[in-house]
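User: I would like to work through this model with you. Can we take it in short questions and answers?

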Amino acid sequence: MAVLELRDVHLTYRTAQGPVPAVRGVDLSVDGGEVLGLAGESGCGKSSLVASVLRLQPRSATVTGQVLVGGENVQTMSWRRLRAVRWGEAAVVFQGALHSLNPIQRIGRQLVEPILLHDSAATPRTAADKVAGLLAQVGLPETHADSYPHQLSGGQKQRVMIALALTCDPQVLIADEPTTALDVMVQAQVLELLVGIARQRGMGVVIISHDLSVLATTCHRVAVMYAGRVVELGPAQELFEHARHPYVRALARAFPTIGEARSRYAPAGLPGDPPFPDRLPSGCPFHPRCADAVDECSSVDVRLRPAGPGRVAACVHVGAGVG
Ligand SMILES: Nc1ncnc2c1ncn2[C@@H]1O[C@H](COP(=O)(O)OP(=O)(O)OP(=O)(O)O)[C@@H](O)[C@H]1O
Ligand SMILES: [Mg+2]
């Protein structure tokens, strides 16, 4: 059953220079126990999409469409309900979150706080017990409850951030580049941990990463975004091995041998830069960079089409025998 469902979600920032349509009609769903990867070049709208899930978009942004967490629309619920849903139903580990731990507060204290705030039945004793359990679940010794953030390594801090997101037993956990600052071995451990916890708790997890090899090995399905939209979605391994969308093919080529030395995500062989959301080209937004573009691509903006079992892709060639 879907614990998170996005239906035709748009997010537009209002700026002095005019509207910036950062998310332009995204449909996605994540089942309990499922790990969904979200990829795409910098600026394609991943973090903006995450913001919409907990209604954390800035005041300058307008969101339309439906964002359903456990069937309830986050974007239209009361503030009171929203406060309960944040942490309680859906939690986010933010991009660069390692630095958001309070440097002068012990780890245990920081983990106890949301429990006491959200669970009226919790006592300092039961909250402390829960924190000990959470630390164990993320593979940290209980004694770390007494540590300050500076006494932990980057990987340990990231485990604390995951424990923090789990404090109120959410059904949905979103991790926005949870491993960017970590070395490859620790990265793998943290992701394995997330996947294990998702399975164990039946929680839906969304992992955003620039590292496609990480997504290919840890996620059930992957969605790739370009210029504010999902351009391809499908089972992780197949998606990268036999990408249907030329953009995804180019990205996959940048990670030729998954499992071998990983380069930082730099789409080798892909000319140009992604477009600015307020200056999108006509037709398919990828067509100026696309090796397979035909005349039609500069005028027809193709939406997602069936592209095999459990797969969709937004390309004029898909379904026409070329994809
Ligand atoms: N507060 C804001 N006001 C105006 N434009 C914004 C704002 N935040 C983001 N944007 C623009 O929205 C677009 C999407 O940004 P977003 O942060 O969602 O991308 P991203 O896919 O998460 O990128 P990255 O991989 O670098 O984290 C970008 O063009 C960005 O410049
Ligand atoms: Mg981002």
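**Serine 52 and its surroundings**

Analyst: Leaving out neighbours within four places in sequence, serine 52 is in contact with Val9, Leu11, Gln57, Val63, Val67, Val74 and Gln75. Keep in mind that this is a predicted model.

User: Is serine 52 buried or exposed?

Analyst: Serine 52 has a relative accessibility of 1%. The cut-off for buried is under 20%. Serine 52 is below that cut-off, so it counts as buried.

User: Which backbone oxygen lies 2.6 Å from a polar atom of the serine 52 side chain?

Analyst: Serine 52 is found in helix 1. A polar atom of its side chain lies 2.6 Å from a backbone oxygen. That oxygen belongs to leucine 49.

User: How many residues of helix 1 are buried?

Analyst: Helix 1 covers residues 46–53 and is mostly covered. The buried ones are Lys46, Ser48, Leu49, Val50, Ala51, Ser52 and Val53.

User: Which residue just after helix 1 takes a positive phi?

Analyst: Look just past the end of helix 1. The phi there is about 55 degrees. The residue is arginine 55.

User: Where is leucine 11 placed, in which strand?

Analyst: Leucine 11 counts as buried because its relative accessibility is 0%. Beyond four places in sequence, its contacts include Ser48 and Ser52, and also Val20 and Ala61. Its place is in strand 1.

User: What separates the C-alpha atoms of leucine 11 and histidine 317?

Analyst: Along the chain, leucine 11 and histidine 317 are 306 residues apart.

Methods: Residues are numbered from 1 along each chain as its sequence is written. Chains are lettered from A and ligands numbered from 1 in the order in which they are written. This is a predicted model: local features need pLDDT of at least 70, side-chain atom pairs count only at pLDDT 80 or more; totals for chains, interfaces and linings use all residues. Side-chain values use heavy atoms; hydrogens and water are left out. Buried means under 20% relative accessible area, exposed over 50%, partly exposed in between (1.4 Å probe, protein chains only). Helices (H or I, at least four residues) and strands (E, at least two) are DSSP runs, numbered from the N terminus. A polar contact is a pair of N or O atoms within 3.5 Å; within protein, one must be able to donate a hydrogen and the other to accept it, and residues adjacent in sequence count only if both atoms are side-chain atoms. Contact means heavy atoms within 4.5 Å.
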